Amino acid sequence: MIRRSARTALATAACGAVLAGGLAACGTVQQLNAADKVSKAFETFGSGKSFSAKLSVDATAAQIEAFGAATGEEIDKDSAAALAAVSLSIAFSADKPLKDIQPTKGSGNGTATAADPSVSASYTLTGKGGAPLAELRQVGGKAYARGDLAGFAKLVGENAAEVEGLAEGLPAPLGNALKGQWVSFDMKAAEGAGGTGGTATPTPTLDPKAAENLNASLKGILTHDLSFEDKGKQDGKDRITVTAPARKLTDDLLKAVEPLAKDIPNLAELPKSAPSKVPDRPLALDLYLDGGALSAVTFDLAQLEEKAGGTPLPLRIAFGHDTPAVQAPTGATELSSEDIGGLFGQLAAAGGPGGAGDAAGAAAPLTDAQIKELTRDGAMNEEQVRRYNSLGLGYQDIKDLAGLKA
């Protein structure tokens, strides 16, 4: 199932796009025509009131199977068909340019722009033919969700009738949500039920001088590590290839953020140098510009696998600008705080051998030392940790969850 390759490629593609965007502030590369085009393309980000992106594997099921065979990671027919069909889309919209939106203050976990109630957002996982498998929308501080458990089962070659039984033990609104019906809930109520409420943990802040030094370091890295080549027109769009030595770029970025570890504790967990899995060779991204705006980024997974032998498997991120505003769906069933709390309790009780306790969902009470350790990095406070423990999560479960929040 190309798990390792996909994870690495996603990170590489996303980081490469962001790094290229930094050229907008780097005047030393403006003399290069290709880099100048990329710089101007990224300057358009945030200038509109809406934005969308869609991630997918840009290959057929047969090509995905061939890639698996070439790399020794066999991909069965059903899995290949699922990978070829599935895509993940995100969209944001507001009543003013997105670049003017400020993160919501008072959050203890570094709230993202989408948490601002003036910003509407949607996240959609689609399958064959564009049918939605899971959707989450946020409009005006209220969240809307639905899923298609049977459709997802069919996508991966499982018996839909068997998995539909998973929804039977849930409250009716939640069970129906897994059958494609919309439910809605207040986001603050969900945070309280899920243990994300309580006293806010102060968000780490950077010393202005440290931030200035980081900005200078990143500009230097972008100038010296990235190269640009204009490949001309392809399907009516400008194609520009951005290339960087993977290991050197990773080392340089790690060195640039290392001084910030004292201000942002979680950065101390980063390695001091590039992990051995990072290839010691150049990697390339293809950027496609339409009318000067970035329309897509592609990254070939084969670059990460020496065994691929030229068998391509490209990931593609397609971008949309000035897309339709995200709307609240009609006919959604409102979930009560009891429904939400019951869902978290059932999920915790189903935690299994990872530390969630016995069949009844009980977990061993946390010791004072464990609570101190779990709250040390600031991802959770004591109230949140105790609430998760009362819901049936053990020490290791909460530690893993804190790592995801960090």
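Biologist: Which residue forms a salt bridge with K142?
Modeller: That would be E334, with the closest N and O atoms 3.2 Å apart. Keep in mind that this is a predicted model.
Biologist: Thanks! And where do K142 and E334 lie?
Modeller: K142 is in strand 5 (residues 142-147), while E334 belongs to strand 12 (residues 333-334).
Biologist: How accessible is K142?
Modeller: K142 is partly exposed, because its relative accessibility is 27%. E334 is also in the partly exposed class, at 44%.
Biologist: How many salt bridges are there in the whole structure?
Modeller: A search of the whole structure turns up 14. One of them joins the side chains of E135 and R137, at 3.4 Å from N to O.
Biologist: Is E135 buried or exposed?
Modeller: E135 is buried, with a relative accessible area of 10%.
Biologist: What about E373, which residue does it pair with?
Modeller: E373 forms a salt bridge with R376, and their closest N and O atoms are 3.7 Å apart. R376 is exposed at 55%, whereas E373 is partly exposed at 34%.
Biologist: Changing topic: which residues in the largest nonpolar core touch the most other members?
Modeller: Those are I64, L226, F228, L287, L294, L313 and F319, out of 50 residues in that core. Helix 2 (residues 33-43) supplies the largest share of the core, five residues.
Biologist: What lies apart from that core?
Modeller: There is another core, of eight residues, and M380, V385, Y388 and I398 are among them.
Biologist: Last one, back to charges. Which residues form the negative surface patch?
Modeller: The patch is made by E65, E74, D76, D78, E158 and E162.
Biologist: Where is E162, and why does it count as exposed?
Modeller: E162 sits in helix 6 (residues 160-164). E162 counts as exposed because its relative accessibility is 60%, and the cut-off for exposed is over 50%.

Definitions and conventions. Residues are numbered from 1 along each chain as its sequence is written. This is a predicted model: local features need pLDDT of at least 70, side-chain atom pairs count only at pLDDT 80 or more; totals for chains, interfaces and linings use all residues. Side-chain values use heavy atoms; hydrogens and water are left out. A nonpolar core is a set of buried Ala, Val, Leu, Ile, Met, Phe, Trp, Tyr and Cys residues joined through side-chain atoms within 4.5 Å. Buried means under 20% relative accessible area, exposed over 50%, partly exposed in between (1.4 Å probe, protein chains only). Helices (H or I, at least four residues) and strands (E, at least two) are DSSP runs, numbered from the N terminus. Patches are made of residues with over 30% relative accessible area and no salt bridge: like charges are joined within 9 Å, nonpolar side chains (Val, Leu, Ile, Met, Phe, Trp, Tyr) within 5 Å. Accessible areas come from the Shrake-Rupley method with a 1.4 Å probe; for residues, only the protein chains shown count as cover. A salt bridge is a side-chain nitrogen of Lys or Arg within 4 Å of a carboxyl oxygen of Asp or Glu. Lys and Arg count as positive and Asp and Glu as negative; His and the chain ends are not counted. The place of a charge is taken as NZ of Lys, CZ of Arg, CG of Asp or CD of Glu.
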